[in-house]
Amino acid sequence: MSSEGKIIARCTGTAVRAVEVEVPADVWPVIEEYLSGFVAIGPARPGDECWRVVLAVQADGTHEATAAHYGDYDDTLVWREIDGAQRVVRLTASATSAYAPVHVVRIVRTLLRLDAAEHDPSASFLHAGMVAWQGLGIALVGNKRSGKTSTVIAATAAGAHFVSNDDLSLHEASDGPTGVGWPRSVSIRLDTLEPLGLSLPTRTAHPANTHRDEAQLLMPHEIGAMFNGRLLRKAPLQAVVFPSFGADDTATLRRLAPGEAAERLLANLLTPPVKDDELTSWFKLPTPEELSARVRQVAAGVPAFELRQSLTHLACRPELARVLDQAVAVR
């Protein structure tokens with residue numbers, strides 16, 4: 001996998017095809033850690049027709065390419081060029097940039113998701129998280145401030161396995177739909193940690209945390225470190241839950257009809273599955289009608305619930321476990 005101070009590796013996600021990365025050897029350990037658990041890594045295959053991500057680190061970054069910012073931050077010192085005809089993304093980073101591994105992982109994730117969207121006729125991508133409770137996947141679907149992340153983290157603290165927080169994809173398997181997680185940072189609001197009885201790791205790796213006062217970004221391996229390594233890349237989808245916050249300290253789980261569940265899922269469907277118009281333009285993605293049919297099929301076959309709860313309830317792990325038991329018990 002190494003050649004002249006470089007690492008060349010093959011990264012595989014949910015589809016048969018892969019993404020090849022070529023990066024300096026001293027940058028690779030961080031990239032490998034960020035990808036760990038969610039992307040299979042192996043040696044490159046000569047002649048393999050796949051997209052490539054090539055990172056070069058220079059003493060002074062070049063401004064000839066397009067700056068690749070992370071969010072609103074302009075200190076990333078990473079630039080990128082896309083050659084779609086040759087299926088290669090070239091990244092150039094300043095030697096002083098801490099963001100090079102973040103951008104490599106982001107591009108790998110983007111390409112793998114786009115590849116799955118193009119070639120998997122069952123794939124759908126949701127703004128949703130997932131935990132595996134008793135080995136069964138519970139998709140937690142909702143927008144910001146719905147309590148999705150709080151529920152994911154609290155459920156993991158209660159004994160669940162973490163699968164995803166924001167970028168869940170669903171894929172049809174022989175025994176039904178499966179939810180798949182992706183190597184993406186999790187934004188955890190600091191004001192939710194104390195009510196949940198949790199604390200962050202002493203040090204967090206994401207360079208954007210230097211800008212953030214109200215929340216911190218954790219990579220999946222850091223979530224695993226908080227919860228005794230309870231990470232899973234995928235789980236069979238047993239239930240769909242739409243969380244929201246209520247005024248009292250109790251939790252109410254209400255079963256939804258398939259039609260209502262479908263409409264709520266469609267409202268949280270990611271189309272396209274990534275926020276990168278330039279790369280998306282090189283892939284043939286399913287039509288809205290095809291995606292709608294896939295989501296409605298999921299809603300027709302998987303129990304769905306509305307969960308009204310409070311932070312006080314989330315902090316009571318036996319009570320949260322009871323709700324999770326209810327969600328996976330329905331067939």
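**A tour of salt bridges and a pocket**

Select Arg17: its relative accessible area is 29%, so it is partly exposed. This is a predicted model, with a mean pLDDT of 91 for the protein.

Asp115 sits in helix H2, and Arg17 in the loop between strand S2 (6-12) and strand S3 (18-24), so the bridge ties together parts 98 residues apart in sequence. Asp115 has 7% relative accessibility and therefore counts as buried.

Next, pick Arg184 and Asp167. Their side chains form a salt bridge at 2.9 Å, N to O. Arg184 is in the loop between strand S13 (176-180) and strand S14 (186-189), while Asp167 is in strand S12, 17 residues apart. Arg184 is partly exposed at 32%; Asp167 is buried at 7%.

Move to Glu263 and Arg296, paired in a salt bridge at 2.7 Å, N to O. Glu263 belongs to helix H6 and Arg296 to helix H8, so parts 33 residues apart are joined. Glu263, at 43%, is partly exposed, and so is Arg296, at 37%.

Then select Lys6, Glu20, Glu22 and Arg52 together: salt bridges link them in a network. The whole structure holds 19 salt bridges.

Last stop: the second largest pocket, about 200 Å³ in volume. Of its 14 lining residues, Asp26, Val27, Ser97, Ala100 and Pro101 are closest to the centre. Helix H1 (28-35), strand S8 (88-94) and helix H2 (100-119) each give two or more residues to the lining. Colour the lining by type: 11 nonpolar, two polar, one charged.

How values were computed: Residues numbered from 1 in each chain as written. Predicted model: local features only at pLDDT ≥ 70, side-chain atom pairs only at ≥ 80, totals over all residues. Heavy atoms only, no water. 1 Å grid on protein atoms, 1.4 Å probe; cavity = no way out; pocket = protein on both sides within 12 Å on 5 of 7 lines; lining within 4 Å. Points joined across faces, edges and corners; volume = space filled by probe spheres on them. Helix = DSSP H or I, 4+ residues; strand = E, 2+ residues; numbered from the N terminus. Nonpolar A, V, L, I, M, F, W, Y, C, P; charged D, E, K, R; others polar. pLDDT = per-residue confidence, 0-100. Salt bridge = Lys/Arg side-chain N within 4 Å of Asp/Glu carboxyl O. Buried < 20%, exposed > 50% of the residue type's maximum accessible area, 1.4 Å probe, protein only.
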